[in-house]
Amino acid sequence: MDHPAVISDRVTFNGTVTQLSLLVDGTLWWPEISQRSFKVDKEVLGFVADGSKIKLKTILEIGDGCSCTGESIAKLIRHDVVFEPSSEESHKLWCHKLGELIDSLGRPKKLFVFVNPFGGKKSGINIFNDEVKPLLQDSQVQFTLQETKHQLHAKEIVASLDVSKYDGIVCVSGDGILAEVVNGLLEREDWDKAIKTPLGVVPAGTGNGMAKSLLDSVGDPCVVANAVLAIIRGHKQPVDVATITQGETKFFSILMLAWGLVADIDIESEKYRWMGSARIDFYALCRMFRLRHYTGRVCFVPAPAFEAYGEPTSYPGISTSKGSISDQIDVEPVNLQRPCYQGPEVNLENLSWRVISGPFISVWLHNVPWGAENTMAAPDAKFSDGYLDLIIMKDCPKLPLLSLMSKLNNGDHVKSPYVTYLKVKAFILEPGPRSEEQEKEGIIDADGEVLARGKGSYQCEKKALMTYDKLQIAVDQGLATFFTPV
């Protein structure tokens with residue numbers, strides 16, 4: 001079979017002189033060595049000239065990896081492949097053609113990297129030094145490293161960062177730092193240019209919902225090497241951004257919003273952080289055996305094919321929330337009068353609204369399929385379809401609830417008769433107190449962070465961005481850009 005080549009040469013490889021060709025389709029091919037070839041775009045990170053030799057920095061899949069469930073998965077390993085061209089002239093030509101091909105792939109050359117040393121098992125720095133940095137160096141990607149020192153630190157830095165100097169921003173963290181970066185970009189005066197900066201995430205937190213969603217979309221395991229490789233290869237994917245509005249305050253969400261059972265588990269389990277990720281499962285059992293119901297209602301604009309859910313209603317509107325926002329927070333809120341992103345341009349009053357009234361066990365709004373590495377909250381969610389997936393549970397006996405929660409790892413919980421699952425374009429939450437204890441309210445959680453704390457809720461004395469009151473959510477299709485595996 002004819003294999004058209006960009007360059008072909010007799011090279012020395014493993015002490016043997018053999019033919020090596022760089023084919024026009026980007027394959028490095030040793031025709032005289034059985035099953036020896038590399039796809040440059042997928043398996044070659046970079047190369048270095050080492051005297052008269054050329055050292056290829058490759059990444060290869062081997063099948064002896066093991067997932068947390070005991071299943072065998074492909075594991076990525078770094079591997080150097082060294083060959084010596086036949087002459088000095090040939091050496092120069094090889095370096096030129098390899099560099100030309102890699103440059104044509106559109107890979108990032110310089111990244112700004114946030115590392116959260118406090119997230120998850122507090123191993124972010126070790127993950128970066130041991131797993132992320134070597135891959136970036138093999139790929140000859142320059143980077144600026146920034147450890148986050150406190151909450152909202154990443155947001156503060158991104159607000160004034162010269163993003164034009166970088167080909168992307170990477171978060172070695174959970175979902176919280178990623179949310180800070182998105183909010184920082186959209187609060188800038190040049191938000192429309194800034195938000196086009198590609199974002200990457202390397203799983204180093206407790207939940208890692210965005211990293212899991214991106215990698216699982218192509219069947220890749222949610223591990224550091226796969227996440228870094230997705231960034232290095234430079235493929236990009238538009239992702240919807242949801243704008244949460246209350247009075248004069250906004251929060252930009254790329255992952256999820258939760259109220260009720262899911263929010264209570266996510267936030268209240270913090271008291272058991274010493275247990276690691278097991279704290280979520282442990283506290284979920286605690287909450288299920290002492291189940292809470294919340295009064296309130298949800299209003300929404302259904303996506304096509306979901307118009308039958310709920311009852312028709314008029315646009316509920318959004319009024320300024322109770323209390324002073326400045327009394328609730330210790331950082332400046334996103335003010336609607338500032339020249340930053342104002343949210344999607346849509347006339348909500350003219351849309352067809354529906355309503356579902358409580359009491360509720362849980363209300364969950366998702367932008368991507370996975371809320372955590374082991375939680376496929378919204379199996380039908382898409383990255384840039386312009387809709388949010390709404391998962392509602394109004395009532396459920398304890399035994400079916402236990403069964404339902406055990407199916408969160410594969411998304412089968414949405415098939416339960418106790419779950420309402422639909423897609424919405426816009427959404428309004430009107431949270432109320434607990435049915436069993438009217439003097440106590442709940443927690444509203446967005447992207448893993450507390451958005452609002454009601455009276456009598458866990459750590460209600462702490463400041464939050466919004467008050468426990470009506471809030472509105474609208475979606476801007478494909479506003480952000482993320483590095484993705486393909």
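How many of the eight residues of helix 9 (residues 261–268) are buried? Seven of the eight are, which leaves the helix mostly covered; here buried means under 20% relative accessible area, exposed over 50%, and partly exposed in between (1.4 Å probe, protein chains only). Helices (H or I, at least four residues) and strands (E, at least two) are DSSP runs, numbered from the N terminus. The buried set in helix 9 consists of L261, V262, A263, D264, I265, I267 and E268.

The structure is a predicted model, in which local features need pLDDT of at least 70, side-chain atom pairs count only at pLDDT 80 or more, and totals for chains, interfaces and linings use all residues. Residues are numbered from 1 along each chain as its sequence is written, and side-chain values use heavy atoms, with hydrogens and water left out.

Turning to the overall layout, the protein is divided into domain 1 (5–103), domain 2 (110–234) and domain 3 (245–477), with bounds that come from an automatic or database domain assignment. The centres of domain 2 and domain 3, taken over C-alpha atoms, are separated by 25 Å. Their contact takes 25 residues from domain 2 and 23 residues from domain 3, where contact means heavy atoms within 4.5 Å.

The interior comes next. A nonpolar core is defined as a set of buried Ala, Val, Leu, Ile, Met, Phe, Trp, Tyr and Cys residues joined through side-chain atoms within 4.5 Å. The largest such core has 85 residues, and V172 and M210 touch the most other members. Helix 8 (residues 224–233) gives the most to this core, contributing seven residues. A second, separate core holds 30 residues, among them F360, V424, A446 and I473. With neighbours within four places in sequence left aside, the contacts of M210 are D175, L178, V201, V239, I254, L255, V368, F383 and F482.

Helix 4 also has a buried side. Its buried residues are H153, A154, K155, I157 and V158, and these pack against strand 8 (110–115), strand 9 (142–147) and helix 5.

Side chains of opposite charge can pair when their charged atoms come close. With a salt bridge taken as a side-chain nitrogen of Lys or Arg within 4 Å of a carboxyl oxygen of Asp or Glu, a search of the whole structure finds 19 of them. In one, the side chains of K39 and D25 meet at 3.9 Å, N to O. K39 lies in strand 4 (residues 37–39) and D25 in the loop between strand 2 (16–23) and strand 3 (27–29), so this pair ties together parts that are 14 residues apart in sequence. K39 is partly exposed at 30% relative accessibility, and D25 is partly exposed at 48%.

Another salt bridge joins E187 and K155, whose closest N and O atoms are 2.9 Å apart. This pair links distant parts of the chain, 32 residues apart: E187 is in the loop between helix 5 (175–186) and helix 6 (191–194), and K155 is in helix 4 (residues 153–160). E187 is buried, with a relative accessible area of 12%, and K155 is buried at 16%.

In a further pair, K423 forms a salt bridge with D385, with 3.2 Å between the closest N and O atoms. Since K423 lies in strand 20 (residues 419–434) and D385 in the loop between strand 18 (362–366) and strand 19 (388–393), the pair ties together parts that are 38 residues apart in sequence. K423 is buried, with a relative accessible area of 13%. Salt bridges that share partners also join D264, E268, R287 and R292 into one network; D264 and E268 are among the buried residues of helix 9.

On the surface, L285, F289, L399 and L402 form a nonpolar patch with about 420 Å² of accessible area together. Patches are made of residues with over 30% relative accessible area and no salt bridge, like charges being joined within 9 Å and nonpolar side chains (Val, Leu, Ile, Met, Phe, Trp, Tyr) within 5 Å. Accessible areas come from the Shrake-Rupley method with a 1.4 Å probe; for residues, only the protein chains shown count as cover. Helix 10 (278–289) and helix 12 (398–405) each supply at least two residues of the patch. L399, found in helix 12, is exposed, with a relative accessible area of 69%.

Finally, Q438 lies in the loop between strand 20 and strand 21 (443–446) and is partly exposed, with a relative accessible area of 47%. Q438 and T295 are 143 residues apart in sequence, yet 9.1 Å apart in space, C-alpha to C-alpha. Beyond its neighbours within four places in sequence, Q438 is in contact with T295, P433 and K455.
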